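The entries follow the order in which I consulted the model.

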Amino acid sequence: MKKTIRQVFFWAMTLMLSINLHASANNQPSSTQPEKEPKELTLMLEWFVNPDHGPIIIAQEKGYFKDQGLTIDIQEPADPNLPPKLVAAGKVDLAVYYQPSLIHGVANGLPLAWAGTLVATPLDGLIVLDESPIKSLKDMKGKTIGLNIGGIENAILDTLFEPYGFSAKDVKLVNVGWNLSSSLMSGRVDAIMGAYRNFELNQLEIEGRKGRMFYFEEHNIPPYDELIFIANREKNDKEAIRRFLRAIELGTQFIVNNPEKSWEIFRDYSPKQLDNELNRRAWFDTISRFDLRPAAKDAGRYQAFADYLQERGELKKKVDASNFMLSL
Amino acid sequence: MKDAIKPFIVFLGLLILWHTLVIVFDMPDYILPGPGAVAQSMVENASLLWEHTLVTLSEMLMGLFLGVLMGIILALILVYFTALRPWLLPPLLITQAIPVFALAPILMLWFGYGMTSKVVMTILVIFFPVVTCCYDGLRHTHQGWLDMAQTMGGNRFAILRNIRWPAALPALASGLRVAVVVAPIGAVVGEWVGSSAGLGYLMLQANARLWVDQMFAALTVLAFCSVTLYYTTDRLLRRLIPWQPETSQE
Amino acid sequence: MFDVIIRDASLRFKNHCVFENLNLILKGGKWTCLLGGSGVGKTCLLRLIAGLPAGETTGEILCQDGFPVSHRIAWMAQQDLLLPWFSVLENITLGQRLRRSFTDIVKRHPLIPPEVEDQAMSILEKVGLTEKARVLPQHLSGGQRQRAALARTLMENRPLVLMDEPFGALDAITRLNLQDLACELLENRTVLLITHDPLEALRLGHDVYHLRGYPARLTDAITPPGKTPRSLEDNGIMMLQGKLLDRLRHESFDEKPVKGEQ
């Protein structure tokens, strides 16, 4: 009997051991379903994080990127004109940029392409102080405009002033860097350009002054997207970008459906930098501007704007929109 | 080989190095254009560059002139009015300590977007080197000369004019050489933060339109101005101080 | 010509007494030579007389004719003190430039009137530097520079001349020549010459004193015979030199080393 018990015990141990080994062997990746590693993409913003980047932050914080199998490395630049160069050089996968500047870049031979839209309306405009004597664009003749050089000022001003018989040459343009609101409030300039309707208008109000904007798209300027995503035209992962934009779309959806909650999530992404009155007001003003269909490509609209720039002398030659827009 | 030719040879060498870098690293021309592209842009935009160069140059030269004048005056005050020293030295140090970029927007608001603010920026940038060097030179006059002057019954002004001031010239010259090389920084940073003209403005404009070769053309012109200014000042200073022999030759 | 009387002179640096209760008479129109080792306080005494800053000093400097001694001194140091940016001519007329008052400038008086320039040129001739009049000091030899300093001293035309080892940095031959020249040109002036070279003191001095000890004291005067500059062939002088050299050498063994400036 003792021998039997010993034998049984011995076999039981062997059995348990082999089951364990078999089980652990089954847990190795040599099994039929390999685990997917999340795809990493670098995204360089065009400026420090602000409400214009709402969908990106919401997508990041609510895990939409993760759900799409993506890890997004969000970077902030010091100079808004650095991202396109890095994208063109292949150092970052995606960047946030401006539609007009993309056209300039393409015209200069940079291998860039549109890869989705973030903000589908212009945010820019001509701002004057509400108390200023400038009541219509006609009164702008001979005035001084402070701006942050963007590259299409002449075309825009020519178009704005055309109905009144004067042009960009009849105003004085002064580059004020990023000090748009302060230069307007100090009275050193009569109007500013390059300031955003969701941002600087609120900033002026917080400072106790009111601003008034002449909206570009209401004054004969063809509509354009203020903020877009760009990628390298030659080297890009369309599949990953599609998934990226799907996450962005979900982020935008969430914001539109849950404005208050989404503000809290955005604010809590980095409370020290983002929790302030200006951002809060800008958040709610930006919601209606986000592109509800980020991956939707409107080549006709892009061509119209590019032709407009070329006709107004901002581009030396015509460009073909189909050459610089990815089909996603 | 004549000394005057050597800088040109170095310049040529740098051009070749630049060209080689662009080719070896396959630099795209929107990051670093080659010297050929930049030269072409310079030729194409010659009148535009010239127009903006004049603006920046006049800002620099006016800033240099006023800054040096004010610097010398302050140095004299520091030497002769010792009671004022503890009050004047801290603000002087602050002009050097505060980064110019931080000060620029405030200056724009005070002085506007015209030439005045850029001239003020340039003065701020060169002020400290000029004052320090001049002050050092003035207060380290050889005691033997001062003793001799005292026995001769010289008055303070005559001693300044005949002994202290000429003795301080070599130190002041060092300060001037530094000032001339950093003056462009003040002018250009001023233009970046508030201007309608100048090489800094041009660089911003070109950068925004991604005309990188034009941006580098403006940059090259700026560098050329700096170098020319340095060599010209050096020549002038050597003429003014012919009695200071160089002892560095072996 | 008047005597210069130094009475009860004392000098201290902090708590270190260089000398005290020093009394010395500089005979009018004669050369007084002060001999002493390094660091004993010779230069300090000279500076005291000249009114230059030199630590805490007390004492009176009186002139026999009753007028104060200030502005009647010509100073010649061991370094030639030629200003590098002025030519030789401009250097020797330095006194003229330094005494130019504001009113002179406003009234546009000429800086160097022709008679002053003539005087300067004649002095340059006496020291043998006529061709170097418009030259910068950097192009002169050591001996030439000291001659220019001598010319400047002459130009000052002061009754009392204070010299601090003026020929110490020159080679032996140049030194002898310059001693002779100075002797000739500064005849009939009251001269106080500080030196560490006994031969120089004996050749040029009418009265030779030795400053020694800590605190420093003056020995009795040695009055060598004969007209200055005395010849090297004079045996008496050579013997005295031997004695003085010996005294100076042993001074550095016997006495405590002296701190502070010379």
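**Entry 1: nonpolar cores.** I began with the largest nonpolar core, which has 115 residues, and noted that Ile56(A), Phe229(A) and Phe244(A) touch the most other members. I take a nonpolar core as a set of buried Ala, Val, Leu, Ile, Met, Phe, Trp, Tyr and Cys residues joined through side-chain atoms within 4.5 Å. I call a residue buried under 20% relative accessible area, exposed over 50% and partly exposed in between, with a 1.4 Å probe and protein chains only. At least three residues of this core come from each of domain 1 (39-121 + 225-323) and domain 2 (124-218) of chain A; the bounds are from an automatic or database domain assignment.

I then listed the contacts (heavy atoms within 4.5 Å) of Ile56(A). Beyond its neighbours within four places in sequence, Ile56(A) is in contact with Leu43(A), Leu45(A), Phe65(A), Ile74(A), Val96(A), Leu118(A), Phe229(A) and Ile248(A). Apart from this core I found another, of 80 residues, which includes Ala149(B), Leu229(B), Trp243(B) and Leu81(C).

**Entry 2: conventions.** I recorded that the model is predicted, that local features need pLDDT of at least 70 and side-chain atom pairs pLDDT 80 or more, and that totals for chains, interfaces and linings use all residues. Residues are numbered from 1 along each chain as its sequence is written, chains are lettered from A and ligands numbered from 1 in the order in which they are written, and side-chain values use heavy atoms, without hydrogens and water.

**Entry 3: backbone exceptions.** Most residues other than glycine have a negative phi, and most peptide bonds are trans.

- Thr228(C) and Pro229(C) are joined by a cis peptide bond, with omega at about -10 degrees. Pro229(C) sits in the loop between strand E9 (217-218) and helix H9 (235-254) of chain C. Helices (H or I, at least four residues) and strands (E, at least two) are DSSP runs numbered from the N terminus.
- Asn220(A), not a glycine, has a positive phi of about 75 degrees. I located Asn220(A) in the loop between strand E9 (211-215) and strand E10 (227-232) of chain A, and its relative accessible area of 57% makes it exposed.
- His71(C), also not a glycine, has a positive phi of about 65 degrees. His71(C) lies in the loop between strand E4 (56-63) and strand E5 (73-76) of chain C and is exposed at 53% relative accessibility.

**Entry 4: chain C against chain B.** How many residues of chain C are in contact with chain B? I found 27, in contact with 23 residues of chain B. The two chains bury about 2200 Å² between them, 66% of it on carbon and sulfur atoms; buried area is the accessible area (1.4 Å probe) that two parts lose on being put together, summed over both. In chain C, Leu81(C), Trp85(C) and Leu98(C) lose the most area to chain B, together 33% of what that side buries.

I counted one salt bridge between these chains, a side-chain nitrogen of Lys or Arg within 4 Å of a carboxyl oxygen of Asp or Glu. The side chains of Asp147(B) and Arg47(C) meet in a salt bridge at 2.7 Å, N to O. Helix H1 (42-50), E5, helix H3 (94-98) and helix H6 (142-156) of chain C each supply at least two residues of the side that touches chain B. H3(C) gives the largest share of that side, four residues.
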